[in-house]
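Please read them beside the sequence and the coordinates.

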Amino acid sequence: MGAPTDESGSRIVTAPSNTIQVQRLRKSFPHEGERRLVLNDIDLEIQEGEFVSIIGPSGCGKSTLFNILAGLDVPDAGDVLVHGRNANGQPDHFAYMPQKDSLLPWRRVLDNACLGLEIQGVPRKHARAEAAELIPTFGLSGYEQCWPWQLSGGMRQRVALLRTVLQHRNVLLLDEPFGALDSLTRRHMQNWLLDVWERYHWTVVLITHDIREAVFLSDRVYALTGRPASVHSQHVIDAARPRTAEMFIDPDVAAVEVRLLAALGADRPISSPAGTT
Amino acid sequence: MTLSVQPFFVDADGASSQSADTAPSSTALRTRRRWRSILSQRLGRLLPPTILGVGLLTAWQLYVTIAKVNSTVLPSPARVATAGWKDRQELWDNMIPTLQETLLGFTLSITAAWLLAVVCDFSKIARRAVEPLLVMSQTIPIVAIAPLFVIWFGFTMLPKVLVVALVTFFPITVALLRGFASTADEATSLLVSMGANAVQRFVRLRVPTSLPFFFSGLRISITYAVVGAVFGEYVGAERGLGIYMLLAKNSRNTDHVLAAVAVTAIVSLALYFIVSVVEGMALRWERPPTSQVAGS
């Protein structure tokens, strides 16, 4: 493991213009007559072509953060900068893949994949042709004309990812994409995702609960604190790519896992929760 | 009674097969198996109601014959059938205007329901304003309003069309509103994140989501529709099954009344069947009920 992990996480680096920067993001929601702070000065920074995971205790406000990045919600304070320009409340930069696949049951696989393009005004024929090109990569050959209910969970997730990728946005925002899958299917999906990512090098921000998943897939992992969420620490995963499960034999990688467990307070019994709500 | 058109892959393994190479092959075999299974399902489903219907008619026939009931009070099914058959030209000529009124009224009702539901879906204020009136419209006794329609609009088709619309548009509107409202929040968020505007979200998400609800409403209201038209005619018309029944009753031709009732029932059933077929075509993306997956 080359670079040491940066435990401070909250310092702001002057970034080159081709990165995503999240600066001192704050968000609170009304709750029982008062305002409850959910995001407390979140600072993130994502380089182009980087795979970054965000991990945090459940209920810490990761989804709120994602909604802000996806332009579905606006922060009370702070900025989302894309290429140095403010992108608060703009959905045009991030392609969002929600937790549930949200495939539209009345659209066949190919047309579900095209949805984003159609919304952008691309003629259906062109959109379909574009989607059809990526169908084999996404392991969906022969299923283009199926209805969503005819697919397995893993396949549905791949359609959802294809739909996300096809939007041609700067960043893919994946909100626990494999959370609902059984562990074996999840493993297959992670391997597959790594494989396609090697080819396309999308910029990815992944939310997950799963430390091993975050370590396995990412270049860098942000650990968030419990609510109100702020960046607890960031961890560089300095393992060679393409990655295999063997990377977990590496003591440095194992050490990162242990540090992440500690950061999330998951190294202690439940009786002494570390700031979780 | 659902008559939905089955999607392919009704086999249990079709829903969950994972490997890409087993999917689209042997389509011909699947199609053949599918049609055979649909046929046997249809026959299986038709059998019990047929037996029950025949049984009831037989009981009625036996009762009338054995108890020697006066045919003005209660004619036997055989007598009703004979009377109906003899008067078939007259019944047919009276059925046509009833059918026309039904279809016109139903079209009017669907149009009004969509307009109202769309407006209410886009505007909360409109919804709050319209909803109480919508419910009130259903508390109007048709018995009282139908004769008034005749006074206002004469012996034309219009009063009957209005009665049909009045009794059918409520279930359709309510079904549509519920359908729009049942749109998943997550899907809405997804479309917003894609940059979809309100109209795009409505057309691509809310309308398709509402379709199953819409067709449920349609199937409920089509059964009221024919009866509504008949009732509209009953209070004043020149032609139609309703006026046919009234005249037959006045001349104590009970068998003719019941023959017209039977025609009404057949027309209703036929329309219900048509709605179901259209529904099956429009909702062919729906997953067939699990019983059908397992049973094929």
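1. Helix α4 (residues 153-165) of chain A lies across β6 and β7 of chain A, at about 165° to β6(A). Axes here are lines fitted to C-alpha atoms, for helices over the stretch in contact, and angles run from 0 to 180 degrees between N-to-C directions. Helices (H or I, at least four residues) and strands (E, at least two) are DSSP runs, numbered from the N terminus.

2. This is a predicted model, in which local features need pLDDT of at least 70 and side-chain atom pairs count only at pLDDT 80 or more, while totals for chains, interfaces and linings use all residues. Residues are numbered from 1 along each chain as its sequence is written, and chains are lettered from A and ligands numbered from 1 in the order in which they are written.

3. β6(A) and β7(A) belong to an open sheet of six strands with mixed pairing, ordered β6-β7-β8-β3-β9-β10. Two strands pair if DSSP finds at least two bridges between them. β6 (94-97) and β10 (231-236) of chain A are the edges; each has a single partner strand, so one side of each lacks a neighbour in the sheet. From one strand to the next the twist averages 20°.

4. Within that sheet, β7 (residues 171-175) and β8 (residues 203-208) of chain A run parallel and are joined by five bridges. A:T203 in β8(A) is opposite A:V171.

5. Chain A also has an open sheet of four strands, β2-β1-β4-β5, with antiparallel pairing. Its edge strands, β2 (34-46) and β5 (85-86) of chain A, each pair on one side only. β4 (residues 77-82) of chain A pairs with β5(A) over two bridges, and A:R85 is the bridge partner of A:V82. Helix α1 (residues 62-69) of chain A lies across β1 (20-31), β2 and β4 of chain A, at about 65° to β2(A).

6. In chain B, the axes of α3 (residues 88-122) and α9 (residues 241-250) come within 7 Å and cross at roughly 135°. The two helices are therefore oblique to each other (angles under 35 degrees count as roughly parallel, over 145 as roughly antiparallel, 65 to 115 as roughly perpendicular and the rest as oblique). B:N94, B:M95 and B:T98 of α3(B) meet B:L241, B:G242 and B:Y244 of α9(B) in this contact.

7. Between the chains, 24 residues of chain B are in contact with 25 residues of chain A; contact means that C-beta atoms, placed from the backbone, lie within 7 Å. On the chain B side, α7 (185-193) and α8 (198-234) are the elements giving two or more residues, and α7(B) has the largest share, seven residues.

Conventions. Contact = placed C-beta atoms within 7 Å.
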